[in-house]
Amino acid sequence: MDIRINNFECEFISEGKVKDAIKECEGKHVQQIAYSSYHEAFTQICFGCKKIRTSLKEDDVKQKDSEVVKHE
Ligand SMILES: [Zn+2]
């Protein structure tokens, strides 16, 4: 079965809240944690909650998009 990324809800929350969610899902859900040293941000992808929780700022993500557009 394929999992579509659109089914995932993306939450922009504080690093503390991301870490709380990681602890809460531990042992219950399949999850992956990513850390960006550049942004100093944690991102949790939880397949159980179908949520991406990140301490990245919504603007950081948007900035990346516009950079891609500039190169085109
Ligand atoms: Zn979960």
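Biologist: Which strands does helix H1 lie across, and at about what angle does helix H1 run to S3?
Modeller: This is a predicted model. In it, helix H1 covers residues 15-25 and lies across S2, S3 and S4. Relative to S3, helix H1 runs at about 35°.

Biologist: In what order do the 4 strands of the sheet come?
Modeller: The sheet is open, and its pairing is mixed. In general, strands of a sheet pair through backbone hydrogen bonds, either parallel or antiparallel. The order here is S1-S4-S3-S2.

Biologist: Which are the edge strands?
Modeller: An edge strand pairs on one side only. That holds for the strand at 9-12 and for the strand at 31-36. From one strand to the next, the twist averages 15°. The edge strands are S1 and S2.

Biologist: In which sense do strands S3 and S4 pair, parallel or antiparallel?
Modeller: Strand S3 takes in residues 41-46, and strand S4 residues 51-54. The two are joined over 4 bridges. Their sense is antiparallel.

Biologist: What pattern does the chain follow along the sequence?
Modeller: The secondary structure comes to 2 helices and 4 strands. Read along the sequence, these give β-α-β-β-β-α.

Biologist: Why does Glu 40 count as exposed?
Modeller: Glu 40 sits in the loop between S2 and S3. Glu 40 counts as exposed because its C-beta neighbours inside 10 Å number 10.

Biologist: What is the phi of Glu 40 near?
Modeller: Most residues other than glycine have a negative phi. Glu 40 is a residue other than glycine, yet its phi is positive, near 50°.

Biologist: Is Lys 50 buried or exposed?
Modeller: Lys 50 lies in the loop between S3 and S4. Its phi is positive, near 55°, in a residue other than glycine. The cut-off for exposure is 12 or fewer C-beta neighbours. Lys 50 has 12 inside 10 Å, so Lys 50 counts as exposed.

Biologist: What percentage of the residues in the chain is buried?
Modeller: To be buried, a residue needs 20 or more other C-beta atoms within 10 Å of its own. Of the 72 residues in the chain, the buried ones make up 12%.

Biologist: Among contacts between residues at least 6 apart in sequence, what percentage joins residues at least 24 apart?
Modeller: The count is taken over contacts in the chain whose residues are at least 6 apart in sequence. Those joining residues at least 24 apart come to 42%.

How values were computed
Residues numbered from 1 in each chain as written. Predicted model: local features only at pLDDT ≥ 70, side-chain atom pairs only at ≥ 80, totals over all residues. Pairing = 2+ DSSP bridges. Axes fitted to C-alpha atoms, helices over the stretch in contact; angles between N-to-C directions. Contact = placed C-beta atoms within 7 Å.
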